[in-house]
Amino acid sequence: MCSVNKYCNPGFTLANMKLLIFFAFVTAVRGQFECPVDIDGNPIDGGFAHETDCTRFYNCWEGEATEWTCEDGLWFDSWTQGCVHPIRSDCKAGDYNNARCRMTPNDPDAGQQIFGDVFFRQNQTGGNTDIYVELRGFDPNDAEVLHGMHVHTEGSIEGGCAATGGHFNPTSSNHGSPASEDRHVGDLGNIEEDTTGSVVMVLIDDKISLLPANPNYIIGRSIVVHATYDDYGLGNGTSLINGNAGARLACCVIMANDF
Ligand SMILES: [Cu+2]
């Protein structure tokens, strides 16, 4: 029943629907939205974004649409079928380009197994890119609380994070802090783990871009999270190249969040 169709999410289950009910309230408008059908004309169940308002969506069940609104300023996300932080959402009504990167540990036998996602959002007219970092698996008992995070040049994690190459640096600049003018485009700075070894952070960056015509376009490149903190080019040794951020804990390829 779930054939190839952009409205079709094979992940939709009754459990998803319970989650969706938890995060949203019904506005009880029926019949305003035509639920999509599959190639055989059978109605497709699931949540579908509103045409112009990312806080609203339609829940289709056996061909019947009910309109819902996300609470707390959250936006509907068709991939997870729930209401999420706006930067995480794939809603297209907001004129944004979206990307995501699903983290994979560099070494499956290492002590710290980092999983999670990094989401990106930029208005199609340009400007800053919003980044939502949601990672887990850092060791809360070691001395490392800050971890350097960068866009690396190559969009491959084949055989581990070494395949990602160096920092994305189209301007041949020195390594620096995200606030510095003299920085690699890929220099996103440090992320900070909490007492449980997780990271939930919003970063805003004025260099990276999700617009294909921009030379700082990052989709198809990679993100690397490092074992220790980035010294922003102010340290010794290879500081002006890599910020002495240490080993590569985890990495991922940046994909358009556009399904
Ligand atoms: Cu790096």
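## Asp72 and its loop

Asp72 sits in the loop between strand E4 (64-70) and strand E5 (75-77). The model is predicted. Is Asp72 buried or exposed? Asp72 counts as exposed because it has 9 C-beta neighbours inside 10 Å, and the cut-off for exposed is 12 or fewer.

The backbone of Asp72 deserves a look too. Its phi is near 60°, a positive value in a residue other than glycine. Most residues other than glycine have a negative phi.

## Ser172, another positive phi

Ser172 belongs to the loop between E10 and E11. Its phi is near 50°. That value is positive, and Ser172 is not glycine. Ser172 has 6 C-beta neighbours inside 10 Å, so it counts as exposed.

## Asn216 and its contacts

Where is Asn216 found? Its place is the loop between E12 and E13. Asn216 counts as partly exposed because it has 18 C-beta neighbours inside 10 Å. A residue needs 20 or more to be buried.

Which residues does Asn216 touch, not counting residues up to four places away in sequence? They are Pro170, Val185, Lys207, Ile208 and Ser209. Take Pro170 from that list. Asn216 and Pro170 are 46 residues apart along the chain, yet their C-alpha atoms are separated by 7.2 Å.

## The largest nonpolar core

The largest nonpolar core has 36 residues. Val133, Ile223 and Val225 touch the most other members. Eight strands are listed here as giving two or more residues to this core: strand E7 (96-105), strand E8 (115-123), strand E9 (129-136), strand E10 (146-152), strand E11 (187-192), strand E12 (199-205), strand E13 (222-226) and strand E14 (248-253). Which element gives the most? E14 does, with five residues.

Ile223 shows how such contacts reach across the sequence. Leaving aside its neighbours within four places in sequence, Ile223 is in contact with Cys101, Val118, Met149, Val151, Cys251, Cys252 and Ile254.

## A second core

A separate core also exists. This second core has 14 residues, including Trp68, Cys70, Trp75 and Cys91.

## The whole chain

How many helices and strands does the chain have? Its secondary structure comes to two helices and 15 strands. The chain has 259 residues, and buried residues make up 43% of them.

Contacts along the chain can be sorted by sequence separation. Take those between residues at least 6 apart in sequence. Of these, 60% join residues at least 24 apart.

Definitions and conventions: Residues are numbered from 1 along each chain as its sequence is written. This is a predicted model: local features need pLDDT of at least 70, side-chain atom pairs count only at pLDDT 80 or more; totals for chains, interfaces and linings use all residues. A nonpolar core is a set of buried Ala, Val, Leu, Ile, Met, Phe, Trp, Tyr and Cys residues joined through C-beta atoms within 7 Å. Helices (H or I, at least four residues) and strands (E, at least two) are DSSP runs, numbered from the N terminus. Two residues are in contact if their C-beta atoms, placed from the backbone, lie within 7 Å.
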